[in-house]
Structures are given as structure tokens and as C-alpha cells.
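Please open the structure in your viewer and keep the selection tool at hand. We will go from one stop to the next, with a short note on what to look for at each.

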Amino acid sequence: MTTSASDEGASSRQLDAQLRLGLYAPGCLPGYHLPYYAAADGGEFTRRGLDVELSDPEGGLDTLRALGQGRLDACITSVAHYLRALQEDGSVAARFALMIARRTHLAAFVVDTGDILAGSPTSLADLDGARLLGDERSSFTREYLTVMRAAGVSPAEIVGAPHGHDLRMLLRGDGDVIVEFLEMLPRFASVARRQDVAIRALPFFEVTPDVYGSGLLISDRLLDESPDVAALLISALRDAVFATRDNPRARVPALRERLRGVTEDRAIAAWRLSEQLIFDENGAMGPMTESGWNSTRAHFERVNGGSTPAIRMLSADEFV
Amino acid sequence: MNETFSVPEMTCGHCKSTVEGAVSSLGGVRSAEVDLEAKTVAVDHDDTVEGSVIVGAIEEAGYQVA
Ligand SMILES: [Cu+2]
């Protein structure tokens, strides 16, 4: 990586750096990733001299390993994947720099009959006795069972459903609930609508508001060798998120350039859902704190067992 | 028999596992493999499975078949 300082105004430092930023599940969370494509395509990254290559390398845990091995400089990862990588590998050569989704992305999806009196669920607490469609060994299933226990609802029967087959089984009435990212609602709703069925998402954050969702992890190598670049990346990312809050539609063309199958309406609908995870009631991004991480780790351990090594994060005044 | 379906909305690893799961769980399907670059899913199945059943499974997983 080559960096050369140039002065473009006293307040905006600018460098000339090439970065590889991994994005987990960009097509399935199109709204959540809306800020970054426009940022890389003439927006907040470009204006700071950051030439950012966006990729979905191998998904999940492999993204974190790519980061540790130097094939990526940074990634936007789910917190659950980060904690799993810590558990499995003992350490990840990276530090958490910015919490973006300060709440978990997971939600329960149910058929919405619109008839509350007849028991159509409107909150997780209504899912007592509901049959979960899922794979017994999957982490989504374990998350669901843990969250339901926290909601005081007795564990539900699990109806075996392969990933990818569960929506179909839900619509057929083989079970009552599936678990997925909240941002999948527009996709699921459009499938259901073709069968004249409405789908409702019940976000897990109703029960676990203090469990982190996802954010920016930066490699130790970039932080140690080019702290200026790391600082620019963090501030550009933050600005991109706020610019998207202010005008999401302006970000859609750059996203569609890379993710051609995503329609504008679906990207915007998914972003509106992501906003519930990112911003607090004042429209601010929540701070990343020790206590937030402690409750997130405690939840992760309840779900997955074992203990997690200490997480590594940048403190609020580092690099910004 | 081998058949390939075009699914332009597949863009990431999560899409890949969803579509592969949707297709490979059908009876009579031996294997399903997504190529994210080409945005296709290659399906090896016996002659008890109609193409329309495979398309239906992909669509009910949330993806349009082109
Ligand atoms: Cu996807």
C-alpha cells in the first residue's frame, strides 16, 4: 500500500491509499450496505483519497480469517461471527473500530393474519408454543431458543427445515416461525404477497436490546502501519452512514451498479429496517462501550456455550 | 440430467447457501451448485423432477428466476 499525504483544506486530511473492505452478505442485507457502494464510487471514501475495493470474499468466518491473513484491510462483520472466530481461533488480528448496527440483525418471521384476537403474533412474547422451522444445529436456531427463554416463552418444537426451504414451509403452514436477518423482510414479503399472505418480522432486539449486531473491524496491520488511513476509513464510514440516513435514494444507483438484482424499492425498504438497528431515537449512532460488549458476549455465551476471549476495540478517542 | 437456471438476484454467500438449500432439499435432486459470478445454479436431477418444480423452489426461497 502506498500512502502520500496531500493537503486538501485544513480540516479534511486526504491520503492516497488502496484498501480492501470485506462486506458480509451484501446482497442479503442490501439496505444495510447502501452507504458503502456510493462511498466507494465518488463519495466519502473517494473524496478522502481512499480507493476502496468492496468484496464479499467467502462470507462469514472466512472473511475474518482473510482479515487476519492480510487479504483484507478491514471488514464489516456481524458481531456473532467475530465472537465465533475469537472462540475458534483464540484471537483475530484486528480491532473493532466502529459499531454500526448496535442491535442484533436477527428477527423471527411469522405469517400475519391481521387478526390479533385470533392470536396473530405481534411480539416475541406471543410465540409461546410456536413451531420453529429450522435446522437444529444452526446458530439461528440456538439464538431463537435463547431469546425465547429470555422472553419468558417456553421453548418451541423444532420442525426440521433446510436453509432456503424454510420460507416455503412457513407459507405452507408446516411451522409457525423462521429466523433470519431483519432486513430479509422485503424479500420474504414479496414472495408471500404472491400467495396473498402477509409476513411480519419480530426483531430480537425487543428482548435483547443490548446485544450488538455488526460493525467495522480493522486489521492490526493497517492500524499499526497506517493509522492515518485507518482514521480516514472510520470517519468516511461514519459520514457515509449519516449521508444515507439523510438521502438514501441518492445511494441506490451505486449499489445497483454492483448488485444488479436489487431493486430500488427493496434496497430502500431494507435500509429503513437497518435504520432501526443503527440509530437511536435521536438519530445518532450508538457508542461502542465495554458494558455493551459485556452483555453481547454474555448473550453469545448463553447461545453457543463456552467462553469468549476478550474482544479488542479502539477506544473512543483513538484514531478519530 | 443437468439443468442450469439463471438467478440474477444472487449476490453473496448467504444467497448461495439459500438457493442451494432450496433446490437440493427437493426429492430427486442429486446436487445443486451456485456460481455467483455467472449468477446461475447448476442442478443435477433425475427425471422425476420437473424444471418448474425447481423454479418454484427457488422462487419460494425469495429469488426470481430469469
Ligand atoms: Cu445474499
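Two residues are in contact here if their C-beta atoms, placed from the backbone, lie within 7 Å. Please also keep in mind that this is a predicted model.

**Stop 1: where the two chains meet**

Colour the chains separately and look at the place where they touch. With that cut-off, 20 residues of chain B are in contact with 21 residues of chain A. Which elements of chain B give two or more residues to the side that touches chain A? They are H1 and H2 of chain B. H1(B) gives the most to that side, with nine residues. Sorted by class, the chain B side that touches chain A has eight nonpolar, eight polar and four charged residues.

**Stop 2: the helix pair of chain B**

Stay in chain B and select residues 13-24, which form H1, together with residues 51-60, which form H2. Their axes come within 9 Å and cross at roughly 140°. H1(B) and H2(B) are therefore oblique to each other. The crossing of this pair is right-handed.

Now show the side chains where the two helices meet. From H1(B), pick B:Val19, B:Ala22 and B:Val23; from H2(B), pick B:Ile54, B:Ala57 and B:Ile58. What classes of residue make up this contact? There are six nonpolar residues, with no polar and no charged ones.

**Stop 3**

Next, select B:Phe5, in strand S1 (residues 2-6) of chain B. Is B:Phe5 buried or exposed? B:Phe5 counts as buried because it has 20 C-beta neighbours inside 10 Å. Leave aside its neighbours within four places in sequence, and B:Phe5 is in contact with B:Thr40, B:Val41, B:Val43, B:Ile54, B:Val55, B:Ile58 and B:Val65.

From B:Phe5, draw a distance to B:Lys39. The two residues are 34 residues apart along the chain, and their C-alpha atoms are separated by 8.6 Å. B:Lys39 lies in the loop between strand S2 (29-35) and strand S3 (40-45) of chain B. Although B:Lys39 is not a glycine, it has a positive phi of about 55°. With 19 C-beta neighbours inside 10 Å, B:Lys39 counts as partly exposed.

**Stop 4: a loop residue in chain A**

Move over to chain A and select A:Ala25, in the loop between strand S3 (17-23) and H1 of chain A. A:Ala25 is another residue that is not a glycine but has a positive phi, here about 50°. A:Ala25 counts as buried, because 26 C-beta neighbours lie inside 10 Å.

**Stop 5: helix H11 of chain A**

Select residues 264-278 of chain A to see helix H11. H11(A) has 15 residues and reaches 20 Å from its first C-alpha to its last, close to the 21 Å expected at 1.5 Å a residue. Highlight its buried residues: A:Arg266, A:Ala267, A:Ala270, A:Trp271, A:Leu273, A:Ser274, A:Leu277 and A:Ile278. What do they pack against? Their partners in chain A are helix H1 (34-40), strand S6 (94-101), helix H7 (185-193), helix H9 (227-246) and helix H10 (252-258).

**Stop 6: two helix pairs in chain A**

The contact is made by A:Gly60, A:Leu61 and A:Leu64 of H3(A) and by A:His81, A:Tyr82, A:Arg84 and A:Ala85 of H4(A). By class, these are four nonpolar, two polar and one charged.

For the second pair, select helix H5 (residues 139-150) and helix H12 (residues 290-304) of chain A. Their axes are 8 Å apart and the packing angle is about 110°. That makes H5(A) roughly perpendicular to H12(A). A:Ser139, A:Arg142, A:Glu143 and A:Thr146 in H5(A) meet A:Arg302, A:Val303 and A:Asn304 in H12(A). This contact has one nonpolar, three polar and three charged residues.

Notes:
Residues are numbered from 1 along each chain as its sequence is written. Chains are lettered from A and ligands numbered from 1 in the order in which they are written. This is a predicted model: local features need pLDDT of at least 70, side-chain atom pairs count only at pLDDT 80 or more; totals for chains, interfaces and linings use all residues. Axes are lines fitted to C-alpha atoms, for helices over the stretch in contact, and angles run from 0 to 180 degrees between N-to-C directions. Helices (H or I, at least four residues) and strands (E, at least two) are DSSP runs, numbered from the N terminus. Angles under 35 degrees count as roughly parallel, over 145 as roughly antiparallel, 65 to 115 as roughly perpendicular and the rest as oblique. A crossing is left-handed if the near helix is turned anticlockwise from the far one by less than a right angle, and right-handed if clockwise. Ala, Val, Leu, Ile, Met, Phe, Trp, Tyr, Cys and Pro count as nonpolar, Asp, Glu, Lys and Arg as charged, and the others, Gly among them, as polar. The expected span of a helix is 1.5 Å times one less than its number of residues. A residue is buried if 20 or more other C-beta atoms lie within 10 Å of its own, exposed if 12 or fewer, and partly exposed in between; C-beta atoms are placed from the backbone.
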